[in-house]
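User: Got a structure I'd like to talk through. Can you take my questions one at a time?

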Amino acid sequence: MKKILLLIFISTLLSQQAAVENVQVAQRTDGSKIVDITYDLLPDAVFTEFNVTVEVSLDGALTWSQLLYLDGDVFSDQVAGENKLIIWNLGQEYSWIFNDNVQLRVL
């Protein structure tokens with residue numbers, strides 16, 4: 001019985017409450033092929049820093065690939081807060097793409 005209670009306590013202690021909300025994506029209209037991604041990162045009761053990644057799907061969310069040409073509030077050591085900004089250089093990463101069905105997710 002003590003082992004079960006300990007496992008429940010540990011899993012509760014280590015469960016994250018942080019979440020990404022209010023994600024908005026907008027491609028700039030100046031021909032730069034730059035995409036601005038804004039989001040809010042909600043705080044967690046235990047953890048103070050997070051690893052934020054962005055993934056793209058070009059096939060209606062069947063498969064996802066992590067984006068690499070990113071700058072701003074992304075990757076390791078991100079803290080909770082509102083109006084976080086990620087800048088994606090779409091033209092550098094996918095210069096050949098023209099697709100109306102691109103989906104992004106922030107994790």
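Predicted model: local features only at pLDDT ≥ 70, side-chain atom pairs only at ≥ 80, totals over all residues.

User: What cut-off does buried stand for here?

Analyst: Buried means under 20% relative accessible area.

User: How many aromatic pairs does the structure hold?

Analyst: One aromatic pair. Its members are Trp88 and Tyr94, with ring centres 6.3 Å apart.

User: Why is the pair of Trp88 and Tyr94 called edge-to-face?

Analyst: The planes of the two rings stand at 85 degrees, so the pair is edge-to-face. The cut-off for that label is over 60 degrees.

User: Trp88 again. Which residue is bridged to Trp88?

Analyst: Val35 is the bridge partner of Trp88, which belongs to β8. Seven bridges join β2 to β8, and the two strands run antiparallel.

User: What is the strand order in the sheet with β2 and β8?

Analyst: The order is β1-β2-β8-β6. The sheet is open, has four strands and pairs antiparallel.

User: Which strands stand at the edges there, and why?

Analyst: β1 and β6, residues 70-72, stand at the edges. Each has a single partner strand, so one side of each is left without a neighbour in the sheet.

User: What about the twist?

Analyst: From one strand to the next, the twist averages 25 degrees.

User: How many bridges join β6 to β8?

Analyst: Three, and the strands run antiparallel. β8 covers residues 81-89. On the β8 side, Ile86 is the bridge partner of Gly72, and Ile87 is that of Asp71.

User: Now the three-strand sheet. In what order do its strands come?

Analyst: β5-β4-β9, again an open sheet with antiparallel pairing. The edges are β5 (65-66) and β9. Each of these has a single partner strand, so one side of each lacks a neighbour in the sheet.

User: How many bridges pair β4 with β5?

Analyst: Two, in the antiparallel sense. β4 spans residues 54-57. Glu55 stands opposite Gln66, a residue of β5.

User: Which of them are closest to the centre of the pocket?

Analyst: Gln27, Val35, Leu90, Asn99 and Val102.

User: Which elements give two or more residues to the lining?

Analyst: β1 (20-27) and β9 (103-106). The largest share, three residues, comes from β1. β1 is also an edge strand of the four-strand sheet.

User: Last one. Where is Val46?

Analyst: Val46 is in the loop between β2 (34-41) and β3 (50-52).

User: Is Val46 buried, exposed or partly exposed?

Analyst: Partly exposed, with a relative accessible area of 42%. That class sits between under 20% for buried and over 50% for exposed.

User: How far is Val46 from Gln17?

Analyst: Their C-alpha atoms are separated by 8.4 Å. Along the chain, the two residues are 29 residues apart.

Methods:
Residues numbered from 1 in each chain as written. Heavy atoms only, no water. Phe/Tyr/Trp six-rings, centres within 6.5 Å; stacked < 30°, edge-to-face > 60°. 1 Å grid on protein atoms, 1.4 Å probe; cavity = no way out; pocket = protein on both sides within 12 Å on 5 of 7 lines; lining within 4 Å. Pairing = 2+ DSSP bridges. Axes fitted to C-alpha atoms, helices over the stretch in contact; angles between N-to-C directions. Buried < 20%, exposed > 50% of the residue type's maximum accessible area, 1.4 Å probe, protein only.
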